[in-house]
There are 2 protein chains.
Amino acid sequence: MRSESQRGLTIVYTGEGKGKTTAALGLVLRAWGRNFRICVIQFLKSETGRWGEVEAARKIEVEWHILGQGFTREDDDQRVNLELAHQAWRFAQQKISSNSFDLIILDEFTYPLHYGWLDTGAVLEWLENQKPPPLHLVITGRSAPPALIKAADLVTEMKKIKHPFDQGIKGQPGIDF
Amino acid sequence: MRSESQRGLTIVYTGEGKGKTTAALGLVLRAWGRNFRICVIQFLKSETGRWGEVEAARKIEVEWHILGQGFTREDDDQRVNLELAHQAWRFAQQKISSNSFDLIILDEFTYPLHYGWLDTGAVLEWLENQKPPPLHLVITGRSAPPALIKAADLVTEMKKIKHPFDQGIKGQPGIDF
């Protein structure tokens, strides 16, 4: 458990390289080692199902929510994405303001911001006013909006130097998902 | 457990930014979710003791070794560092060639390579010949030598965009260690 004097950080893992969600998972493990109350919210449904981490979360009893089922890449369905993004954000807002967690991961949350399904300014203003000060918040995903980077305490860009997919090596269970 | 047909990746997390060891911990969690046999070898003793992750590893029964006690920054004690680095590498070699693990993390292993306490060419040649093909190997730390980057399958540079220490925010338990 955390002491209330601790400073909750807003952490952003962004960039094109691999390791963003993976680093967030590392924070989950580290925080779990200290008995933090942890909640992970996946904003995009992953094609791989994320079996390794979802199963691990189940085993260590970390709360894990997979949202974003139904997001589409079709341009004519932007209203659907807008509504789904707002539903997911309302869900996240409840978790954030519940005071029930020490660490919340908003996995791939940069995408609804980047695509404009959510208004970045409104989201940041809400966080500024409503996030409990001791809560650590981690946001992952490519293309983090500049305003999010400005508002965050810690930002790391995962830069791709070499990627096994480029060499024709498929995603590996336990490593990629 | 893994099938033998899987391709063991050599993964390097390097760069000045935060998230290298953390991403390796994320791989530990994901792989543990799939019942991989995991070993973590810390090549430098951390000042923070890494309490969160060491405690988590104990709780999920991941093998964890802290080596590198006694490394010094004094220039006149390079012989000590050389000997300690070779001891640690021999230990890692035994774990790697034991066929007892599916995932091995060599945490902060770039430093003995970068400082020349170990010969990078000799280390890579040994890995090329002796690492069991299905074993996933993860190496973290700044200043990864170019030959290591060349030999690896996946390399991500953690690039520092913003660091809370720069703003006078101290390391936070459960997040930083």
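User: Let's start with B:Cys39: buried or exposed?

Analyst: Buried: the relative accessible area of B:Cys39 is 0%. Keep in mind that this is a predicted model.

User: And what about A:Cys39, buried or exposed?

Analyst: A:Cys39 is buried too, with a relative accessible area of 0%.

User: OK, zooming out. How many helices and strands does chain A have?

Analyst: Chain A has six helices and six strands. Going from the N terminus, the order is β-α-β-α-β-α-β-α-α-β-α-β. As for the overall form, chain A has a radius of gyration of 16 Å, close to the 16 Å from the globule rule for 177 residues, so it is as compact as a globular protein of that length.

User: What box do the C-alpha atoms of chain A fill?

Analyst: Roughly 50 × 40 × 30 Å, taken along the principal axes.

User: What share of chain A is buried?

Analyst: Buried residues account for 59% of the 177 residues in chain A. The accessible surface of chain A is about 8,000 Å², and carbon and sulfur atoms own 48% of that.

User: And the contacts in chain A, what part of them joins residues at least 24 apart?

Analyst: That would be 79%, counting contacts between residues at least 6 apart in sequence.

User: Charges next. How many positive and negative side chains are there in chain A?

Analyst: There are 22 positive and 22 negative side chains in chain A. The centres of those two sets lie 6 Å apart.

User: Let's go to single residues. Which strand of chain A holds A:Leu137?

Analyst: A:Leu137 lies in β5, which covers residues 136-140. A:Leu137 has a relative accessible area of 0%, and anything under 20% is called buried, so A:Leu137 counts as buried.

User: What does A:Leu137 touch, leaving out residues up to four places away in sequence?

Analyst: The contacts of A:Leu137 are A:Leu9, A:Thr10, A:Ile11, A:Ile96, A:Ile104, A:Leu106, A:Leu127 and A:Lys131.

User: Now A:Leu154. Where does A:Leu154 sit in chain A?

Analyst: A:Leu154 is in strand β6, residues 154-162. A:Leu154 is buried, at 2% relative accessible area.

User: Which residues of chain B does A:Leu154 touch?

Analyst: B:Lys18, B:Lys162 and B:Pro164. From chain A, A:Leu154 also touches A:Thr10, A:Ile11 and A:Val12, not counting residues up to four places away in sequence.

User: What separates the C-alpha atoms of A:Leu154 and A:Leu9?

Analyst: A distance of 7.4 Å, although A:Leu154 and A:Leu9 are 145 residues apart along the chain.

User: Switching to backbone angles. What is the phi of A:Glu61?

Analyst: A:Glu61 has a positive phi of about 60°, and A:Glu61 is not a glycine. A:Glu61 sits in the loop between α2 (51-60) and β3 (63-66) of chain A.

User: Why does A:Glu61 count as exposed?

Analyst: The relative accessibility of A:Glu61 is 72%, and exposed means over 50%, so A:Glu61 falls in that class.

User: What about B:Asn35, what is its phi?

Analyst: The phi of B:Asn35 is positive, about 65°, although B:Asn35 is not a glycine. B:Asn35 is found in the loop of chain B between α1 (20-33) and β2 (38-42). With a relative accessible area of 45%, B:Asn35 is partly exposed.

User: Last stop, helices. Which helix has A:Gln94?

Analyst: A:Gln94 is in α3 of chain A, residues 78-97. A:Gln94 is exposed, with 54% relative accessible area. C-alpha to C-alpha, A:Gln94 and A:Lys59 are 24 Å apart in space and 35 residues apart in sequence.

User: And B:Lys150, where is that in chain B?

Analyst: B:Lys150 belongs to helix α6, residues 146-151. B:Lys150 is exposed at a relative accessible area of 69%. B:Lys150 and B:Leu127 are 23 residues apart in sequence, and 13 Å lies between their C-alpha atoms.

How values were computed
Residues are numbered from 1 along each chain as its sequence is written. Chains are lettered from A and ligands numbered from 1 in the order in which they are written. This is a predicted model: local features need pLDDT of at least 70, side-chain atom pairs count only at pLDDT 80 or more; totals for chains, interfaces and linings use all residues. Side-chain values use heavy atoms; hydrogens and water are left out. Helices (H or I, at least four residues) and strands (E, at least two) are DSSP runs, numbered from the N terminus. The radius of gyration is taken over C-alpha atoms; the globule rule is 2.2 Å times the number of residues to the power 0.38. Buried means under 20% relative accessible area, exposed over 50%, partly exposed in between (1.4 Å probe, protein chains only). Contact means heavy atoms within 4.5 Å. Accessible areas come from the Shrake-Rupley method with a 1.4 Å probe; for residues, only the protein chains shown count as cover. Lys and Arg count as positive and Asp and Glu as negative; His and the chain ends are not counted. The place of a charge is taken as NZ of Lys, CZ of Arg, CG of Asp or CD of Glu.
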